[in-house]
Amino acid sequence: MSGTPFVCPPPSLSTLSVDGTDARFPVRRVYCVGRNYAAHAVEMGHDPDQEPPFFFQKNPDNLIADATHFPYPKASKDVHHEVELLVALQTGGDDIAVENAFECVFGYGVALDMTRRDLQGQMKQMGRPWEVGKAFEMSAPAGPLVPSTQIGHPSAGEIWLKVNDDMRQSGDLNQMLWKTSEVISILSGLFTLQPGDVILTGTPAGVGPVVRGDRLHAHVEGVGDLQITVT
């Protein structure tokens, strides 16, 4: 509020760029869908036929807009890549019907859910939350958003990630166990969704470690590419 005295400097607003414009998308929250591709659920030791969708969060300031690099984080020796379709909401609400969910979507992007897998594994073994493995600084590199008015609502198409030109992850958006509209609907039954909310919709199989110097190339068909270097 104008003229309000703060006891410390207020945090800056996290934003994402919009392809082809000078506009910025303000980020309120970042929701992530766990194990939303069957093959990835299996590689992580779970049965996708027996699990309902579940969610965790990253922090808005974990996003790296228009990322070109990813700094290898402290406190970990096993950091993994996870390529994901990012969904950006322009409206929200409670208990949104599946058939109305796409009305909330502003656009889509390519993002990475970088994970300190060793720390996440320790938390799993102790039955504790995952924040130390997921919500660390600069853990969500993201490319520019492409408005849904330009590309529609992608439900099929390649999603892949290469490391140093070697294919690591490869899948198709149609392999998502819970589709984008279903994810929005389910989330809105748990939280009040708002403009500025971002959803990372899960990753296909093939997640693996990165080291400093690795070049990562993430791609979602019809949405775009994201290329970063691990530093």
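## A buried charged pair

D113 comes out at 0% relative accessibility, and since anything under 20% counts as buried, D113 is buried. Keep in mind that this is a predicted model. The partner of D113 is K58, and their side chains meet in a salt bridge with 2.9 Å from N to O. This pair links distant parts of the chain: D113 sits in the loop between β9 (105-112) and β10 (115-116), while K58 belongs to strand β4 (residues 54-58), 55 residues apart. K58 has a relative accessible area of 2%, so K58 is buried too.

## One network, and the total

Which residues do salt bridges with shared partners join into one network? The members are K58, E82, D113, R117 and K134. As for the overall tally, the count comes to seven salt bridges.

## R28 and D197

Another of these pairs is R28 with D197, whose closest N and O atoms are 2.9 Å apart.

D197 is at 0%, so D197 counts as buried.

## D165 and R215

D165 also forms a salt bridge, this time with R215, and here the closest N and O atoms are 3.6 Å apart. D165 lies in the loop between β13 (158-163) and β14 (166-172), whereas R215 is in strand β17 (residues 215-220), so the pair ties together parts that are 50 residues apart in sequence.

D165 has a relative accessible area of 58%, so D165 is exposed. R215, at 41% relative accessibility, counts as partly exposed.

## A stop at S14

Now for that serine. S14 is found in the segment before β1 (15-17). With 15% relative accessibility, S14 counts as buried, because the cut-off is under 20%.

What does S14 touch, leaving aside its neighbours within four places in sequence? The contacts are F25, P26, V27, P60 and D61. With D61 there's a polar detail as well: a polar atom of the S14 side chain lies 3.4 Å from the backbone nitrogen of D61.

Notes:
Residues numbered from 1 in each chain as written. Predicted model: local features only at pLDDT ≥ 70, side-chain atom pairs only at ≥ 80, totals over all residues. Heavy atoms only, no water. Helix = DSSP H or I, 4+ residues; strand = E, 2+ residues; numbered from the N terminus. Buried < 20%, exposed > 50% of the residue type's maximum accessible area, 1.4 Å probe, protein only. Polar contact = N/O pair within 3.5 Å; in protein donor to acceptor, adjacent residues only side chain to side chain. Contact = heavy atoms within 4.5 Å. Salt bridge = Lys/Arg side-chain N within 4 Å of Asp/Glu carboxyl O.
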